[in-house]
Amino acid sequence: MKKETEFTHLARPKAGLGTAVNPSVTRASTLLFSDAADLYRSDVRGYGRHGGDVHDQLCDMFTHLEGGAGTTLFPSGLMACTIPIMSQVKSGDHVLLTDSAYGPTRGFCLQMLTGMGVSVDIYDPHIGAKIKDLIQENTRLIILESPGSLTFEIQDIPAITKAAKEKGVKTLIDNTWAAGIVLSPLSLGVDISCHAATKYFGGHSDIMFGAAVSADEQTAQQVSKAAKLLGNSSSPDDAYQILRGFRSIMPRFRQQEATALTLAHWLVDRQEIQTVLHPALESHPDHELWKRDFTGSGCLFSVVAQRTTAKKVEAFINALSLFGVGYSYGGFESLAIQCDPQLRRSEGEKFPGPLIRFACGLEHVDDLREDIEQALTKLH
């Protein structure tokens with residue numbers, strides 16, 4: 001079946017006599033047992049922090065989405081990256097982190113991990129198979145993100161995972177941009193696929209949530225154990241909202257994807273823009289890799305504007321009326337941000353002009369194009 005059909009019917013209660021079409025939400029901290037001996041059984045849930053039926057159903061949805069062996073849920077997308085990272089490393093270990101990683105993940109690795117005795121090296125996202133030259137005897141994890149955050153580099157995932165497996169190194173990817181819909185990293189050899197479910201799966205910019213799907217049972221147990229030891233817990237109401245988001249994610253994702261592509265193609269020919277960073281465009285340097293590994297694109301892309309002042313970039317952003325100014329993406333509203341204040345790359349200045357990121361929502365594409373067009377006059 002197609003994903004539209006699967007997500008409509010998976011995790012729904014079996015029809016009976018007047019069965020509710022949606023799962024029930026149980027709010028409880030204490031779980032009661034009729035037999036004292038059952039309180040310490042390892043095969044049953046002992047405390048509300050460990051989730052409930054709605055969490056189990058949502059885990060099944062994410063596991064099915066990625067074709068994995070198990071899923072752990074988290075109260076935020078960042079935690080869906082950081083705790084799985086911690087599940088794989090200890091003091092004295094070495095981690096390789098793509099230079100294009102999400103900023104907070106980069107900050108966690110370079111500040112928290114290093115402070116706990118884990119060494120971290122940054123690698124070029126275009127390194128491909130040559131990553132084998134960076135793997136040390138104590139390397140335990142390689143962290144990928146494709147496309148790269150803000151800058152949209154596409155990584156050669158199969159080449160990196162092949163080199164990692166040959167050395168017994170685990171791999172983890174932030175798969176939020178593709179939502180597991182247009183990229184299946186576990187099938188390309190990745191061990192853990194992480195999602196900020198806050199975005200597409202929430203869909204309405206009102207929930208913080210995350211999920212990490214593991215390719216094999218052992219890795220899934222490692223992530224789950226680390227989450228429990230670190231006190232991880234997610235709200236049953238939020239889990240229900242994300243489960244609900246699964247039902248409508250496909251039409252929302254497809255509309256936002258189409259809007260982003262239309263705007264990206266249009267901006268290529270604007271004189272105010274130097275470069276459009278969207279991997280589905282043939283002009284993108286990693287387009288062939290994208291075509292090989294992805295089945296589609298997402299709502300998010302960036303542009304490099306012609307050289308101008310920071311104040312004029314701010315004036316452009318402020319002149320937009322339909323694009324809100326704020327972080328995140330995948331919600332109903334479009335967003336735009338200037339990226340340079342938060343851009344962190346080991347190679348120094350990467351672009352010859354200001355970097356601006358667009359997140360396309362559910363507005364009509366013609367209205368969004370007109371909004372950008374009237375604001376472009378502020379750039380020069």
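I took the expected span of a helix as 1.5 Å times one less than its number of residues, with helices (H or I, at least four residues) and strands (E, at least two) being DSSP runs numbered from the N terminus. The model is predicted, with local features needing pLDDT of at least 70 and side-chain atom pairs counting only at pLDDT 80 or more, while totals for chains, interfaces and linings use all residues. Residues are numbered from 1 along each chain as its sequence is written, and side-chain values use heavy atoms, leaving out hydrogens and water.

Entry on helix 2. I checked the length of helix 2 (residues 53–66), whose 14 residues should span 20 Å, and its end C-alpha atoms are 20 Å apart, which agrees. I then looked up burial (buried is under 20% relative accessible area, exposed over 50%, partly exposed in between, with a 1.4 Å probe and protein chains only). Because 10 of its 14 residues are buried, helix 2 is largely enclosed by the rest of the structure; among them are Val54, Leu58, Met61, Phe62 and Leu65. Taking contact as heavy atoms within 4.5 Å, I found that the buried residues pack against helix 1 (3–9), strand 1 (70–74), strand 6 (192–195), strand 7 (210–214) and helix 7 (236–268). After helix 2 comes Gly67, with a positive phi near 65 degrees.

Entry on strand 6. I noted that both faces of strand 6 are covered, with Ile192 and Cys194 buried on one side and Ser193 and His195 buried on the other. Strands count as paired if DSSP finds at least two bridges between them. Strand 5 (residues 170–174) runs parallel to strand 6 and is joined to it by three bridges, Ser193 being the bridge partner of Ile173. With strand 7 the pairing is antiparallel, over four bridges, and there Ala212 is the bridge partner of Cys194.
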